[in-house]
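This report walks through selected sites of one model. Start with the structure shown here.

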Amino acid sequence: MSTDYVNAPVDRESAESLATQGLVLDVVDTADAELFGSWLQAESRGFHDGPEPVEKIAAWVDGLAYRRTTGVWDETTTDAAAPVATVSSWVAPLTVPGHTTVDAWAISAVTVSPTHRRRGIARNLLESELRTANSLGVPLAMLTVSEATIYGRFGFAPAVMAADWTINARRATWSGPTPHGRVQFLTIAEAVEQGPALIERVRLASPGQIETWPLLWKRILGLLPGDKDAPKNLRVVRYDDVAGVAQGIAVYKLTEHPVDIFGYTLDVVFQASATDDAYAGLWRFLLEMDLVGEVTASLRSVDEGFAWQVADFRAARKTRQRDHLWTRILDVKAALEARSYSAHGRIALQISDPLGFAAGDFLLEIADDGSATVEPLVGEIPDDAANVALSVNDLSALYLGGVSAVTLTRAGRITELREGSASALDSSFRSAVTPWLSIWF
Ligand SMILES: CC(C)(COP(=O)(O)OP(=O)(O)OC[C@H]1O[C@@H](n2cnc3c(N)ncnc32)[C@H](O)[C@@H]1OP(=O)(O)O)[C@@H](O)C(=O)NCCC(=O)NCCS
């Protein structure tokens with residue numbers, strides 16, 4: 001995206017509101033390592049971590065400098081250089097149904113110091129982020145959240161769920177297809193080199209994935225200075241198809257069982273595959289590892305193929321399922337036109353949005369090829385159109401095709417203004433591939 005989001009002006013409305021409390025809202029010049037380092041320490045403390053070692057801060061200063069880095073300062077505190085609140089943002093392509101992407105405003109590092117909590121600082125930060133994104137023409141915002149109770153009030157809703165899986169390896173017995181390629185080990189250095197390109201290749205396969213950044217891959221590989229998970233226990237394997245082309249990668253860790261001697265637990269730290277053959281090849285390799293009693297994998301899709309590739313269906317259990325990616329539509333036309341749909345038709349949407357960005361009446365017209373146009377609805381609603389009233393939260397939940405409009409209607413959140421409209425919405429909006437996001441940000 002060409003938009004210069006880093007240098008966009010500070011949001012005046014929030015700056016003025018915070019100034020009434022003697023607080024200063026500003027964007028950090030990330031080239032100033034000392035200032036940025038102080039902001040990073042404040043963020044870490046906001047999540048109850050830190051103080052971080054200088055080498056780790058230096059790695060972050062290098063790797064995260066491209067982000068818009070915003071803070072709030074209170075000049076009356078003993079360490080006035082350290083912000084009392086932080087937020088960072090950048091524009092990242094988000095995969096939407098149709099093997100394509102939309103630019104989304106990624107929000108991260110939302111913290112307010114416990115000394116300054118519950119006086120509206122986070123509200124000012126969030127609203128300023130949304131106004132800035134909107135003024136730059138970014139059609140939606142997104143975040144992964146620590147608590148599910150904070151962001152609904154700003155128009156966000158969970159659109160991608162995540163699951164943690166535990167597989168009883170002794171009971172599972174592979175029953176899926178026989179992979180044709182081969183698995184081979186990579187050194188950590190090779191993984192550093194080769195991982196990003198592979199991950200980038202699979203990004204369009206699942207709605208909900210976003211473009212990653214180099215520092216994230218290093219973190220996954222335990223390479224950040226001072227990381228608790230040093231790479232010592234990590235193993236990395238690559239899957240090559242019969243033609244010798246790399247099609248998948250898996251990072252895993254083995255932990256010896258405290259009682260069961262030679263009974264290891266294998267934790268799948270990361271796994272990505274570009275083809276079904278590579279998926280089968282890597283999961284078969286992971287599930288059939290000798291001396292392993294249990295395989296665990298977190299932050300996976302709620303709809304994993306491996307559950308259907310083992311002989312004992314009860315051997316693979318979802319131990320936890322939760323909300324993961326929250327989205328917030330800002331520009332209805334741009335967001336809805338960016339994705340494709342499973343069924344043609346017309347849908348009239350009466351959208352409420354207390355913050356105003358997405359509010360209004362719109363007509364979504366989906367062509368036979370799944371592409372769509374959206375226009376403000378003027379005049380009569382066409383006779384053949386589905387018609388619903390919903391909040392921007394619910395539209396955002398539906399957006400990636402992983403949440404059911406029928407369920408939201410039965411839950412009393414969406415109102416059908418014409419009978420049968422919710423199932424018409426589902427026919428068009430639901431994604432054939434269950435949305436999945438494999439990382440935190
Ligand atoms: C969550 C956090 C950022 C809130 O900051 P804050 O400045 O105290 O929040 P505000 O005073 O602006 O509150 C804004 C609204 O959110 C609500 N809220 C704030 N924190 C909340 C929480 N943890 N759970 C539920 N509601 C919360 C407030 O009640 C307020 O509601 P209202 O405006 O509708 O009355 C802060 O407590 C924090 O840093 N927590 C630890 C780090 C964290 O979890 N960050 C979120 C990462 S995704």
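Is Tyr151 buried or exposed? Tyr151 is buried, at a relative accessible area of 6%. (Buried means under 20% relative accessible area, exposed over 50%, and partly exposed in between, with a 1.4 Å probe and protein chains only.)

## Basis of the model

The model is predicted: local features need pLDDT of at least 70, side-chain atom pairs count only at pLDDT 80 or more, and totals for chains, interfaces and linings use all residues. Residues are numbered from 1 along each chain as its sequence is written, and side-chain values use heavy atoms, with hydrogens and water left out.

## Annotated positions

An unreviewed UniProt entry lists Tyr151 and Phe441 under "active site". UniProt positions follow the numbering used here, feature names are shortened, and annotations may be inferred rather than shown by experiment.

Tyr151 sits in the loop between strand S5 (140–144) and strand S6 (157–168). (Helices, H or I with at least four residues, and strands, E with at least two, are DSSP runs numbered from the N terminus.) Not counting residues up to four places away in sequence, Tyr151 touches Val110, Leu126, Leu143, Val145, Phe156 and Trp326. Contact means heavy atoms within 4.5 Å.

Phe441 lies in the segment after helix H12 (421–429). Phe441 is buried too, at 11% relative accessibility. Leaving aside neighbours within four places in sequence, its contacts include Trp90, Ser108, Met142, Leu143, Trp213 and Leu325.

## Ligand surroundings

The ligand is surrounded by 20 residues. The closest are Val110, Val112, Arg118, Arg123 and Ser146. (A residue is near a molecule or strand if one of its heavy atoms lies within 4 Å of it.)

A backbone N or O atom of Val110 is 2.7 Å from a ligand nitrogen atom. For Arg118, a backbone N or O atom is 2.6 Å from a ligand oxygen atom. A polar backbone atom of Gly120 lies 2.9 Å from an oxygen atom of the ligand.

## The five-stranded sheet

Five strands form an open sheet in the order S15-S14-S13-S16-S17, with mixed pairing. Strand S15 (372–376) and strand S17 (415–416) are the edges; each has a single partner strand, so one side of each lacks a neighbour in the sheet. Two strands pair if DSSP finds at least two bridges between them. Strand S16 (residues 386–391) pairs with S17 in the antiparallel sense, over two bridges. Ala389 stands opposite Thr415 in S17.

H12 lies across strand S13 (345–352), strand S14 (360–366), S16 and S17. H12 runs at about 85 degrees to S16. (Axes are lines fitted to C-alpha atoms, for helices over the stretch in contact; angles run from 0 to 180 degrees between N-to-C directions.)

## Two further buried residues

Asp353 is in the loop between S13 and S14, and is buried at 8% relative accessibility. A polar atom of the Asp353 side chain lies 3.0 Å from the backbone nitrogen of Leu355. The backbone nitrogen of Ala358 is 2.8 Å from a polar atom of that side chain.

Val236 belongs to strand S8 (residues 234–240). Val236 is buried, with a relative accessible area of 1%. Leaving aside neighbours within four places in sequence, Val236 has contacts that include Phe185, Leu186, Leu221 and Val251.

Terms used
Polar contact = N/O pair within 3.5 Å; in protein donor to acceptor, adjacent residues only side chain to side chain.
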